[in-house]
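Biologist: Before we use this model, I would like to go through the terms applied to it. Please set each value against its cut-off.

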2 protein chains.
Amino acid sequence: MSELIDDYSKRLGNKLKIEYHNSKLTPTEYLKKLSENTILLDEGGDFLTSRNFATKFKAWQLSSDDVNLAVGPASGFPKRLPNQKISLSKLTFPHELASVILVEQLYRASEILKGSSYHKD
Amino acid sequence: MSELIDDYSKRLGNKLKIEYHNSKLTPTEYLKKLSENTILLDEGGDFLTSRNFATKFKAWQLSSDDVNLAVGPASGFPKRLPNQKISLSKLTFPHELASVILVEQLYRASEILKGSSYHKD
């Protein structure tokens, strides 16, 4: 699935920095490596449409700070973290498939903002 | 992405019959080729957790009729079809990615019913 992630990342003009973290880190150690401005892809987050996601994407682009989006481990992130959360679905996905979905949504968001025909609704 | 679909299908013991229909068919023509017992993966459907999906999967296995699950075209299915609908997410996915997600959920459902460690929650 990493090929799909690379493909969408390339289509985004490689403006996205994708990092794979050592799976031996606990989720708490992993989050410490990221800036405070990290949104978690996790259950219990907001469910967005692709257009809602594109609106957020625009805000992230306009933000003076880097924005991190973190897909957690299979066991999920610790509960009660203060970070903002987004849920991709009520369904549970494998970690790698969640990453593919996220990168495709980022690409879709950029196409929505461009007004291209990629996103139909 | 068809490799991913094949991979999950194999893991399901090839008990699943996967068909790709000619994209020149209109959604209405496409549905006519399937039995009446066809559930549409489409917006406006029920949002399920993977455990809810597994419960449905069990009912489909016990059903004496074949159950079809149809992923629609980019333009979606015609509105007001009487078929039952399931939504994978509020997000919009490319047709092929939706198919990967669906087949992974079917595999996950079979693992949930087996009580394996594949699904954690």
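Modeller: This is a predicted model. H1(A) passes H4(A) in a left-handed crossing.

Biologist: What makes H1(A) roughly parallel to H4(A)?

Modeller: Helix H1 (residues 2–11) and helix H4 (residues 95–114) of chain A pack at an angle of about 15°, and their axes are 9 Å apart. Angles under 35 degrees count as roughly parallel, so H1(A) is roughly parallel to H4(A).

Biologist: Which residues of H1(A) and H4(A) meet?

Modeller: From H1(A) they are A:Leu4, A:Ile5, A:Tyr8, A:Ser9 and A:Arg11, and from H4(A) they are A:Ser99, A:Val100, A:Val103, A:Glu104 and A:Tyr107. By class, this contact has six nonpolar, two polar and two charged residues.

Biologist: Why does B:Arg80 count as exposed?

Modeller: B:Arg80 has 5 C-beta neighbours inside 10 Å, and the limit for exposed is 12 or fewer, so B:Arg80 counts as exposed. Its phi is near 65°, a positive value in a residue other than glycine.

Biologist: How many residues of chain B are in contact with chain A?

Modeller: 23 residues of chain B are in contact with 23 residues of chain A. The largest share of the side of chain B that touches chain A, four residues, comes from H4(B). That side divides into 12 nonpolar, seven polar and four charged residues.

How values were computed: Residues numbered from 1 in each chain as written. Chains lettered and ligands numbered in written order. Predicted model: local features only at pLDDT ≥ 70, side-chain atom pairs only at ≥ 80, totals over all residues. Contact = placed C-beta atoms within 7 Å. Helix = DSSP H or I, 4+ residues; strand = E, 2+ residues; numbered from the N terminus. Nonpolar A, V, L, I, M, F, W, Y, C, P; charged D, E, K, R; others polar. Axes fitted to C-alpha atoms, helices over the stretch in contact; angles between N-to-C directions. Parallel < 35°, antiparallel > 145°, perpendicular 65-115°, else oblique. Left-handed = near helix turned anticlockwise from the far one by under 90°. Buried ≥ 20, exposed ≤ 12 C-beta atoms within 10 Å, placed from the backbone.
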